[in-house]
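Here is a short note for your reading of this model. Please keep the structure open while going through the points.

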Amino acid sequence: MMLVIILFACLALGGAAQLEENDACETEHYKGNCAASRNCPQLPASMNAMGLTSNDIGHCGFTVIEDIICCPKSAVTSTTTAKPSDITTTAPLPGNVSTGSRNLVRPADRACSKIEMGPIPSSINHIIICEDVAFPEYPHMAKIVYDVEDMACGGTLIDKRFVLTAAHCIITRDMKPIKVILGVTDFNDTEQWQGRLEIDIKATYVPQNYSSFSHYFDIGLIELASDAVFSVKVYPICLHTDPTDLPENTEIIVTGWGRTESNSLSKHLMAAKLNLIPLPKCNEELKNYFDRRLRHGIDETQLCALAPGKDACWGDSGGPLHIIKDKAYNNYRLVGVVSFGIDCGKNVPGIYTSVPKFLDFIESIVWPEG
């Protein structure tokens, strides 16, 4: 039986010995008492009131099945003052790249705090070499279904009503996305298929600057007609919101049901470990491949990734590019969206749309109230 663990992005309390439930605790930002997460229902409101994020939650210790956190006292009586987020931005019109500054916690970070208070499935870690993945290791994976059979795309559940994907998976010629399937890793598995969550699409959104004649701004949102019911097999992923560049060779993971070596779409969700490639190096690698849809090369709104013999392929478009937050619990962050490639598995970098660069677009639609 799979062990469900409630996971928090917690800070150790000054390296002290493990505390027990009901012990007094103190972090850099607040005072409280140690408690199991289920016994701290005021946590989201208190953290938001103090201007803190999930990264600021104190960690007292753990039991067999969950973390013991430092549950803050009432935000009204807390001795701490609000701490502005390190992430600053203005909110331009939807579709513009995130720029500017504002001293507020990002809506995506607040949403992540709530996501990480819920059950995040844990399973055995895998060495991924374009191999099948365990069920349900990636409960945020979504399969987009079209009104014709000649189109295949993936997506990522980021909220109970929204799936993030590529714009070119939404703006398609002579076909349209009609529904999303969640909670399935293996489409040949009868039990998984019978327990699937299938939701119609209510609306779709793409950046105002997107054009099907260009590879830029290739990101989009699907609004579901009804809420996704969360479980260990259907659960949203947090967005990577750090605007700073990721280091070269950062290990990332791409997942999808795209074309395999047999030249057919996979029925089982596949995953591959890749390495991030700096943009200058990426442009150098692609200089011999002319594409009129890349008039100024790969830019800062995009990411490049490569690993020998591993790649995303046709049918993986719109799917997630993850960075690993905690391997032990298969806890990831969504950092990119599969956009395009020159050829599958030809030792040429694949191109992904950078999620952090489009936070304003995403937040204005998914969390318009902040």
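1. A definition first: two strands count as paired if DSSP finds at least two bridges between them. With that in hand, look at Asn275, which stands opposite Leu306 in strand 18. Note that this is a predicted model.

2. Strand 17 and strand 18 pair in the antiparallel sense, over three bridges. Strand 18 covers residues 302–306. Strand 17 covers residues 270–277.

3. Strand 16 (residues 251–256) pairs with strand 17 in the antiparallel sense, and six bridges join them. Thr255 has Ala271 of strand 17 as its bridge partner.

4. How many of the eight residues of strand 17 are buried? Seven are, and the strand is mostly covered.

5. Now Leu306 itself. Is Leu306 buried or exposed? Its relative accessibility is 17%. The cut-off for buried is under 20%, so Leu306 counts as buried.

6. Which residues does Leu306 touch, leaving aside neighbours within four places in sequence? The contacts are Leu274, Asn275, Ile277, Asn347, Val348 and Pro349. Take Leu274 from that list. Leu274 and Leu306 are 32 residues apart in sequence, yet their C-alpha atoms are 5.3 Å apart in space.

7. Next, the aromatic rings. The structure holds six aromatic pairs. One of them is Phe187 with Trp193, a tilted pair. Their ring centres are 5.9 Å apart, with 55° between the planes.

8. Why is the pair of Phe187 and Trp257 called edge-to-face? The planes of the two rings stand at 75°, and the cut-off for edge-to-face is over 60 degrees, so the pair is edge-to-face. The ring centres are 5.4 Å apart.

9. The Phe187 and Trp257 pair links distant parts of the chain, 70 residues apart. Phe187 lies in the loop between strand 12 (177–182) and helix 3 (190–194). Trp257 lies in the loop between strand 16 and strand 17.

10. Phe187, Trp193 and Trp257 form one aromatic cluster. Trp257 is buried, at 2% relative accessible area. Trp193 is partly exposed, at 32%.

11. What sits over the ring of Trp193? The charged end of Arg196 does, 3.8 Å from the ring centre.

Definitions and conventions
Residues numbered from 1 in each chain as written. Predicted model: local features only at pLDDT ≥ 70, side-chain atom pairs only at ≥ 80, totals over all residues. Heavy atoms only, no water. Helix = DSSP H or I, 4+ residues; strand = E, 2+ residues; numbered from the N terminus. Buried < 20%, exposed > 50% of the residue type's maximum accessible area, 1.4 Å probe, protein only. Contact = heavy atoms within 4.5 Å. Phe/Tyr/Trp six-rings, centres within 6.5 Å; stacked < 30°, edge-to-face > 60°. Lys NZ or Arg CZ within 6 Å of the ring centre and 35° of its normal.
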